[in-house]
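Keep the sequence and the 3D view side by side.

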Amino acid sequence: MKEQVGMEKEPEGRVEFLQRVCGAVARRAPERPTSGPSKITGEVGRSVRDGQLADIFVGNARAAGIDARIVPTRTMVVDAVNEITRTYSVRTLHAWNDGTVERYGLESLAEMSGLEIQRWNPEQPEESRKAAAFGMQCGLTSADYAIAETGSLVLTTSREKGRSVSLLGDVHIAIVETDRLIPDLYDLPQRLLKDHPALLPSNVTIISGPSKTADIELQMVVGVHGPRHVFAILVQSD
């Protein structure tokens, strides 16, 4: 399921809104004794504070329908992507133009399996971008954050990171590094403020599993409003 958080006000209004959210979730109740690897505090609404965030994220992401996996090095990302694209007989991969392809050496996929990589190009005419987006089978993006509590991926967009790439393909592959893990959803507003002090992104997409709807005769249908298959590749940070 994908939720889009639109922020249409002026930047000052967005900052004030997020600051109010941060203040609201900062209130604490008395802590309760807990045990186990993940400390659970009595803070309002908070369920994850510490522990093995990567393992927590993977477990919750899989429970939500995201095929999440951890790879120990950046060089192993290409093998993970190659396995996914071969499984779904992907011939053309549409990717964000944000440096993700170069960062993980994904250009080598062309030699490994003949996979063609098309980059999102904001300079192309809108009609050309739309035609490519609606015809795509698989989209590849980075992710700004991964939320351990819900197993969610968080994507922000820009000129080089078109929303269509994560929304219109049958398969979506998102790559995120472990230093982008945050404990729970309540940490997101503060992290956005920290990482975007001058101007917040105009769009934030939270992905919590593949697209689902039960509007049709109360029968669950996957892939009506977005990808049927979502993959999260969590890379151990250097």
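This is a predicted model: local features need pLDDT of at least 70, side-chain atom pairs count only at pLDDT 80 or more; totals for chains, interfaces and linings use all residues.

Residues are numbered from 1 along each chain as its sequence is written, and side-chain values use heavy atoms, with hydrogens and water left out.

Side chains of opposite charge can pair when their charged atoms come close. The structure holds 10 salt bridges (a side-chain nitrogen of Lys or Arg within 4 Å of a carboxyl oxygen of Asp or Glu). Helices and strands are named below as DSSP runs, numbered from the N terminus: H or I of at least four residues for helices, E of at least two for strands.

Start with arginine 159 and glutamate 123. Their side chains meet in a salt bridge at 2.5 Å, N to O. Arginine 159 sits in the loop between β7 (152-156) and α7 (164-167), and glutamate 123 in the loop between β4 (116-119) and α6 (126-134), so the pair ties together parts that are 36 residues apart in sequence. Is this pair buried or exposed? Glutamate 123 is exposed, at 60% relative accessible area. Arginine 159 is partly exposed, at 48%. The cut-offs are under 20% for buried, over 50% for exposed and in between for partly exposed, with a 1.4 Å probe and protein chains only.

Next, go to aspartate 144 and lysine 161. Their salt bridge spans 3.6 Å, N to O. Aspartate 144 lies in the loop between β5 (138-142) and β6 (145-147), and lysine 161 in the loop between β7 and α7, 17 residues apart. Both aspartate 144 and lysine 161 are buried.

Arginine 180 and aspartate 195 form another salt bridge, at 3.3 Å, N to O. Arginine 180 is partly exposed at 25% relative accessible area. Aspartate 195 is partly exposed at 29%. Elsewhere, salt bridges that share partners join Asp67, Arg69 and Glu83 into one network.

Now turn to valine 230, in strand β13 (residues 229-235). Valine 230 is buried, with a relative accessible area of 2%. What does valine 230 touch? Counting contacts as heavy atoms within 4.5 Å, and leaving out residues up to four places away in sequence, its partners include Gly65, Ile66, Asp67 and Leu153. Valine 230 and alanine 68 are 162 residues apart in sequence and 8.4 Å apart in space, C-alpha to C-alpha.
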